[in-house]
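Let's take a friendly walk through this structure together. Keep the view open while you read, and turn to each part as it comes up.

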Amino acid sequence: LGTLYAYSKARAKAQEKGVDLDEKVKGGWSVGMYHTAGKGTRLAPLPGSENNNKPGVKLPSMLSVDGSETELTILEAVIRQTNSYAPHRKGRVSVFWGDQVFIPSAGMPPSGSHPADILALAGPMPTEEEWKERGLEKYGLIAVNKKGNAAQVEKVSYHTAMDILKTFGEISQVGPSLGSFSLSAPLLLSLLSEFTTEISAKTQKFDSDPHFWMPMTLPKEEYTKIMVSKGTSEGDAKAHFDRISKFVKTFKEKNPCDGMLGCISAGTECYWWDYGLLPLFFKNNLLATKTSVEANALREFLQITTRNTQESAVSVDKHSVVLGCSLKTGKIKESVCSTVTCDDLDVEGCVLINVSAKKIKARNAVIYNVVETSDEGIDMSKGGEVRADVFMPKVDKVVLRSSLETDGGKVWKEKTAGNTMSFEEVYEANGTVDIIEAQALARSAKIAK
């Protein structure tokens, strides 16, 4: 329902500007929506450092904005990548997640064969042995039959999947779902009509996979079993299935089609860079220091044409990426440094973004949005440490520490690593902060150094 609610809000906003969004989509507009909701617990403490602007977390890629150099944000990276789908989705609304970038290996297949379609790393139907080797039981999967119709299958074994799909027909492709989907104008408007009450009340929580794609594509008995295993009562699961089945029947009478859900394959060799978890943020940023084909693709996507853009006495190895920095002495090895100001730097295997300090010594660390004015500087040489500073108007700077092994969601309410505030307390304190004012404060603190 989040997608339907967001579209309703966008439609109202467009109406204020004299634009009928419904008519534009029906007339062929390609509309993109980006889900950025959530507290960013798995990426903590970085979203807190951006004053709860989770999609505003920065990447090592420089942009010129109003004459000033600044980093590309995660959301801007997602928009840059998904923009390539726009010409192939006329008259549809596409929904993407705001914290992951994927580079398809299967080109850009057009949408339109089905009222809804979903992106997946789809490939030929594997054997039972290949299923186990690829670890497909760990993913939500999309299966495609010979007619091109798709079905959503939960994390299951090969035999369970075959049992669930026994009435689906011969399977030609299967692969992990990327979650991103698109809706035709008729399906979008029909869903808005069907769920008007829930959208207005904002009390129900329906997710795309369990509440739309699965009841649209699976048999009632199998769907009910899955939902009961997730904690839904059998009565509620059957009632929801019946409601969706009735909706599909009415929709097909007005919009004849064989299947409701199709699959757009991103290819089995698709690059998938997830920045929504702290360890993956670290891993995928350090990928820019590697020599693989995928690393070359990442640097090209981030528009890193020169690995080292600074000139100083700092020793920089051939693998590191150094962008927009002001450095004097030291050494950088297998690290990513973006807009770092430092007199004496010694880092290895690190990701540093928007950091200002007199001295920095770190190993396998993430240092993000940090301003350290002490003569001692920053010492994070133990390995696996994380630091992010939070600036809020009329409040002293908050230093947040963590580790690459810490799941922010699990310790959300705890004051960990000697922090004076929990991640949750920072989140709540940021709730009333003017982000623009806070960011200006952070910039002035860095300049004052």
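Two strands count as paired if DSSP finds at least two bridges between them. Keep in mind throughout that this is a predicted model.

## A strand with two partners

Let's begin with strand 20, which covers residues 385–392. Its link to strand 21 (residues 395–403) consists of 7 bridges, and the two run antiparallel. Within this pair, Met 392 sits opposite Val 395 of strand 21. The two strands make a hairpin with 2 residues between them, and Lys 394 in the turn has a positive phi of about 65 degrees.

Strand 20 also pairs with strand 18 (residues 366–372), this time in parallel, through 3 bridges. Here Ile 367 has Arg 387 of strand 20 as its bridge partner. How much of strand 20 is buried? The count is 7 of its 8 residues, so the strand is largely enclosed by the rest of the structure.

## A second hairpin and its turn

Now move to strand 2 (58–65) and strand 3 (68–73). They pair in the antiparallel sense over 5 bridges, and Leu 63 stands opposite Thr 70 in strand 3. This hairpin has 2 residues between the strands.

Asp 66 lies in the loop that joins strand 2 to strand 3. Although Asp 66 is not a glycine, its phi is positive, at about 50 degrees. Is Asp 66 buried or exposed? With a relative accessible area of 78%, Asp 66 is exposed, because anything over 50% falls in that class.

Ala 417 is another residue with a positive phi of about 50 degrees although it is not a glycine. You will find Ala 417 in the loop between strand 21 and helix 14 (423–430). Its relative accessibility is 49%, so Ala 417 counts as partly exposed.

For a cis peptide bond, look at Ala 44 and Pro 45, where omega is about 15 degrees. Pro 45 belongs to the loop between strand 1 (30–35) and helix 3 (46–49).

## The largest pocket

The largest pocket has a volume of about 1000 Å³. Its lining is made up of 32 residues, and those nearest its centre are Trp 97, Asp 207, Ser 208, Asp 209 and Pro 210. Sorted by class, the lining has 14 nonpolar, 9 polar and 9 charged residues.

Which elements each supply at least two residues of this lining? They are helix 1 (2–16), strand 10 (171–184), helix 8 (196–201) and helix 9 (208–217). Helix 9 gives the largest share, 5 residues. This helix is mostly covered, with 9 of its 10 residues buried; among them are His 211, Phe 212, Trp 213 and Met 214.

## An enclosed cavity

There is 1 cavity of 30 Å³ or more. The largest cavity holds about 80 Å³ of space. Its lining includes Ala 44 and Pro 45, along with Leu 400, Trp 412, Phe 423, Val 426 and Tyr 427. The elements that contribute two or more residues to it are helix 3 and helix 14.

Helix 14 gives the most to this lining, with 3 residues. By class, the lining of the largest cavity has 8 nonpolar, 3 polar and 1 charged residues. Ala 44 and Pro 45 of this lining are also the residues joined by the cis peptide bond.

How many disulfides does the structure hold? The number is 0. A disulfide is a covalent bond between the sulfur atoms of two cysteines. For Cys 257, the closest cysteine sulfur is that of Cys 263, and at 17 Å it is too far for a bond. Cys 257 is partly exposed, with a relative accessible area of 24%.

Cys 342 is also in no disulfide, as the nearest cysteine sulfur, in Cys 337, is 9.2 Å away. Cys 342 is buried, with a relative accessible area of 1%.

Conventions:
Residues are numbered from 1 along each chain as its sequence is written. This is a predicted model: local features need pLDDT of at least 70, side-chain atom pairs count only at pLDDT 80 or more; totals for chains, interfaces and linings use all residues. Side-chain values use heavy atoms; hydrogens and water are left out. Buried means under 20% relative accessible area, exposed over 50%, partly exposed in between (1.4 Å probe, protein chains only). Helices (H or I, at least four residues) and strands (E, at least two) are DSSP runs, numbered from the N terminus. On a 1 Å grid over the protein atoms alone, a cavity is a set of points where a 1.4 Å probe fits but cannot get out, and a pocket is an open set with protein on both sides within 12 Å along at least five of seven lines; lining residues have an atom within 4 Å of a point. Grid points are joined across faces, edges and corners, and a volume is the space filled by probe spheres set on the points. Ala, Val, Leu, Ile, Met, Phe, Trp, Tyr, Cys and Pro count as nonpolar, Asp, Glu, Lys and Arg as charged, and the others, Gly among them, as polar. A disulfide is a pair of cysteine sulfur atoms within 2.5 Å.
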